[in-house]
Amino acid sequence: CAMCPKQFKSLSARRTHELTHVGVVFPCSLCDKSYQYKSLLNAHHHGTVHSSSRPYACGICSKRFKSQFARSTHELAHSGNMFPCSVCDKSYRYNRDLRHHGRVHSENRPYACSLCPKQFKSSFARNTHQHTHSGVRFSCQHCDKSYPYKCQLSIHMRKLHPESKFKCKLCPKIFNHKGSLREHISRMHTYESKYECKLCSKRFKTRRALNIHGRVHSDNQPYACSYCPKRFKSGYARNTHQLTHTGITFSCELCRKSYRYKSLLNIHMRKHHPEAKFKCKLCPKIFNHKGSLREHISRMHTYESKYECKLCSKRFKTSDIVSHIVSHKQEARYACPHCPVRMTHSANMMRHVQAVHERRIVKTCKPCGKGFTHKNGYDSHMLSHHGIGTQHECKVCGKKFNHRSSMREHIRRYHEMESYSCSLCDKTTFPDACVLRKHVKRFHGVQELACPICGKLFKMLDMLKRHQLVHSKEQPFMCSQCPKRFKSDTSRKKHEFTHSGILFGCSLCGKTYRYNAKTRATHLRTHSGIQYKCTVCDKVLSQKSNIMAHINTVHFKTVGKTCGICGKGFVHHKTYRYHMYAQHGIGELHECRVCSRTFPDACVLRKHVKRFHGVQEHACPICGKLFKMLDMLKRHQLVHSKEQPFMCSQCPKRFKSDTSRKKHEFTHSGILFGCSLCGKTYRYNQSLKLHANVHTTQKPYSCLHCPKKFKSRTAKAAHQLTHSGVTFGCTFCDKLYKYKVQLNAHMKKSHDASITETRNDSDTHKCNVCKKEFNHPGGLRDHFKRFHSDEYNFKCALCGKQFKLK
């Protein structure tokens, strides 16, 4: 070259180069760019920038390119050939990338600046440097600042003039760099994870994330420390390690401690100098990280929900919309190995298995040693039992809550003025659109979810899942205290509470309950004095739901269940289940393992086992008698008590139990139950049912020890005592009897005088007219009708003669 010492192989190359000294440039007619060489302008104008056509297709995949060089470069990726570095074992797909990388290990700087003695490893760095000698500077249009490099001007514009930043068109977020914007769009607004790991099938949204993940499966450590033989998987880990060799330490400004790594200094500052934490200016909350503070401000102190889901129109304050959109796009492909639960995220499934099935303890209470599987349960326990923690108070009504989320829900539900109304019914007070949608779907929606086993239709998915537990015999949830298993986690938690021994007592009558919430609240209504009266009969109950059930089942005979096979209707669900099993073989009966008796409900079976085959563990504190069930003990204790707190509302008669009082009050109603075969009448329906056995020849109750059969269960139970060897002995003589009825007849006949001497006044029934005493109330009633009554209620159908007694 005639102007500089540069030399060329051909004359055309020298002439093209000499044009750069003259100052000739080739501008683009479509944009403001200009080039020193015409070939570069042609490549810019026709090949890549201003042309939308991609005529060059890859022969292996369907990808297309604007230039032949780009197509050839891409096809090298399919060949699998890699260019390794001989110094650090790093490998590259393309040879040019290897040449650029080789400059890292080389100290050679062949590119020298023509205006100063500075030298550079690449021509691009040399040309960029030489631009500073030309005196050309890049000035800011908004202020008087100027910079020698265009990249410095770009950084200045993004930092001090935010209107020139890169804004996301899908959300209001702003970025300083265009690459950060592209990364944000692919991470937050791209719902397809198209990059899959071939070893573990994990999927990623970007190739960079896949490459970073690939280091987990690789044993290759290409990044070597320049001071020691230690090697690392990433350059970041290598650079962090090399700081330990330089002697650089990070010192605390408040004390004399110093650390090798900045992360250790940050941990020290948060632990020992809490005043250096990030404080919220709107509330007294303090955070360890600046990002947590920003998230807190946008979540708690920002009232605008600026992120909207385009699929369901739900709005969010923060980037939680990303995980919400995933719920629309992804399938629940993670299945629990212990129960039928499926989830969209592996982290949630892992948390479910550890908390529900493995019962892994996350937090342990130091004062009482109790373990918790969730941090929320631990925080509530510490606040309620030990008074450790802070309560959140509502500034409007003063109500206190253990969790801030509960307080926010309370404020939104009761103090915010916005409300949602249902257009299909009269209900208008819905605090949230989500609650309104659930209401419409539950009460006005179409039953579109069908059970695959029995075909029953449901409006909501959770109702269908709850119903499917009926058909399943699996019991995946096991109690941690005993080997008992349950179908649902709720039933398992309710059962485990019985092992704690905690009882909730009523402060008015001393009655105790195992469960605090619903059971005790239901019991407290009996002390409130509020009673609901039946509109058909005079029955009075303390709960409205019970009086409605009484009217539907007793008076209206409302059919709650209908058999789909024979069309028979049933008032009670238990009767329907028993019918389906007995007549059609659908469902299952619960069989007692001791006496082989079957029951349509597991609850009835448990009561039967406890009553007839259980251990007598409840002892009477007065006489020491043992009972199998607590209610039997309480009923027995009335024998020792002389109190009669329950008084009849029609007469001054008093009773020891509420059941005896109700039974007596029924006699004032005048209702009699008559037999349709013989016309005999009874005051109680149970007496009529026992009388019906007289007119039948069926004996459905068989003895377990002999072929004898009986009409009633009571007769069978009395007979079976003869096989057990139990006898009833007379207290005045040595006679023994198989049945208690025979003993009573013997006592009246042979020892009536002795019984009269030992009897208390409270054990006899005295006539108010003639003062005669009777052993039983029935004898007193017959005596009063025969001698002191003038009523002749019974008439002979043949001669018309009337009698006092039937």
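**A tyrosine and its surroundings**

Reply: Tyr532 lies in strand 35, which covers residues 532–533. The model is a predicted one. Tyr532 has a relative accessibility of 31%, so Tyr532 counts as partly exposed, because that class lies between the limits of under 20% for buried and over 50% for exposed. Leaving aside residues up to four places away in sequence, Tyr532 touches Lys539, Val540, Leu541, Ser542, Gln543, Lys544 and Ile547. Ser545 is 13 residues from Tyr532 along the chain, and the C-alpha atoms of these two residues are 9.5 Å apart.

Arg126 sits in helix 5, residues 123–130. Its relative accessibility is 18%, and Arg126 therefore counts as buried, since buried means under 20%. With residues up to four places away in sequence not counted, Arg126 touches Tyr111, Ala112, Cys113 and Phe120.

Next comes the nonpolar core. The largest one has six residues: Cys336, Cys339, Met349, Val353, Val356 and Phe477. Helix 13, residues 346–357, gives the most to this core, with three residues. In soluble globular proteins, nonpolar side chains tend to be buried together. Cys339, one of the core residues, touches His352, His357, Pro476 and Phe477, again without counting residues up to four places away in sequence.

Note on methods
Residues numbered from 1 in each chain as written. Predicted model: local features only at pLDDT ≥ 70, side-chain atom pairs only at ≥ 80, totals over all residues. Heavy atoms only, no water. Helix = DSSP H or I, 4+ residues; strand = E, 2+ residues; numbered from the N terminus. Buried < 20%, exposed > 50% of the residue type's maximum accessible area, 1.4 Å probe, protein only. Contact = heavy atoms within 4.5 Å. Core = buried A, V, L, I, M, F, W, Y, C linked by side-chain atoms within 4.5 Å.
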